[in-house]
Amino acid sequence: MAAQDPRRSPAGQRVWETACDLFYREGIRSAGVAEIAERSGVGKPSIYRNFESKDGLALAYVKAKAVPSRVWLEAARAACPDDPRAQLRHVIAEIADQISEPGYRGCALANATVEFPDREHPVRVAVDALKAEYLELLTELVSQLPVRDPRSLGYMLQMLVEGAGITTQIYSAERSATALKEAADRIVESYLER
């Protein structure tokens with residue numbers, strides 16, 4: 001269910017919940033304002049009053065679907081103080097848990113990159129910035145380890161995470177989650193300075 005926002009009217013909240021569900025299950029571009037209005041039971045004018053445009057609604061959606069990288073970092077540091085390798089494993093395990101959840105249809109941000117190939121579109125700009133934050137999180141975590149080229153390692157881990165989200169849609173979630181954790185450990189091991 002989409003997050004409750006006290007600033008939204010009850011009608012605006014119904015629109016939000018309906019749009020989030022449709023955007024994730026069917027795609028942002030596939031879900032039109034007419035369909036959102038029909039399924040939410042809210043007229044189009046009310047949708048535009050609450051969200052200004054479909055692009056505004058889509059932009060709010062991708063921002064809401066992103067887990068702030070600082071949240072993951074703080075949780076990892078709290079769970080594994082003074083152990084950078086365990087902190088990285090904690091974040092990777094959180095991602096593995098997410099891709100194993102029932103109904104997972106891929107990363108909402110990655111899905112949006114496919115739907116918005118124009119890098120100047122506001123939705124794509126937001127997604128690219130959010131994905132850059134995830135890359136910085138991984139790079140920050142591996143920078144605490146005795147590894148060569150932390151930026152390259154962070155990028156490789158980001159590629160691995162993105163790939164795991166896709167393979168979950170092709171194969172089994174459990175297999176992809178397990179492989180993500182194992183492959184992350186192996187890649188980190190290959191970068192450790194001896």
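Is tyrosine 171 buried or exposed? Select Tyr171 to find out. This is a predicted model. Tyrosine 171 has a relative accessible area of 55%. The cut-off for exposed is over 50%, so tyrosine 171 is exposed.

**Stop 1: around Tyr171.** Tyrosine 171 sits in the loop between α9 (150-170) and α10 (173-191). Together with Tyr171, they make a nonpolar surface patch of about 350 Å².

**Stop 2: the core.** In soluble globular proteins, nonpolar side chains tend to be buried together. Here, the largest nonpolar core has 58 residues. Select Phe23, Tyr61, Val62, Leu88, Leu157 and Leu180, the members that touch the most other members. Then colour helix α8, residues 122-143. This helix gives the most to the core, with nine residues.

**Stop 3: Tyr61.** Which residues does it contact, leaving aside neighbours within four places in sequence? Show Trp16, Cys20, Phe23, Tyr24, Ile28 and Ala108: tyrosine 61 is in contact with each of these.

**Stop 4: Glu52.** Go to the loop between α3 (44-51) and α4 (54-65), where glutamate 52 is found. Check its backbone. Phi of glutamate 52 is near 70°, a positive value in a residue other than glycine. Glutamate 52 counts as exposed, at 69% relative accessibility.

**Stop 5: Asp149.** Finish in the loop between α8 and α9, at aspartate 149. Phi of aspartate 149 is near 50°, again positive in a residue other than glycine. Aspartate 149 has a relative accessible area of 43%, so it is partly exposed.

Note on methods
Residues are numbered from 1 along each chain as its sequence is written. This is a predicted model: local features need pLDDT of at least 70, side-chain atom pairs count only at pLDDT 80 or more; totals for chains, interfaces and linings use all residues. Side-chain values use heavy atoms; hydrogens and water are left out. A nonpolar core is a set of buried Ala, Val, Leu, Ile, Met, Phe, Trp, Tyr and Cys residues joined through side-chain atoms within 4.5 Å. Buried means under 20% relative accessible area, exposed over 50%, partly exposed in between (1.4 Å probe, protein chains only). Helices (H or I, at least four residues) and strands (E, at least two) are DSSP runs, numbered from the N terminus. Contact means heavy atoms within 4.5 Å. Patches are made of residues with over 30% relative accessible area and no salt bridge: like charges are joined within 9 Å, nonpolar side chains (Val, Leu, Ile, Met, Phe, Trp, Tyr) within 5 Å. Accessible areas come from the Shrake-Rupley method with a 1.4 Å probe; for residues, only the protein chains shown count as cover. A salt bridge is a side-chain nitrogen of Lys or Arg within 4 Å of a carboxyl oxygen of Asp or Glu.
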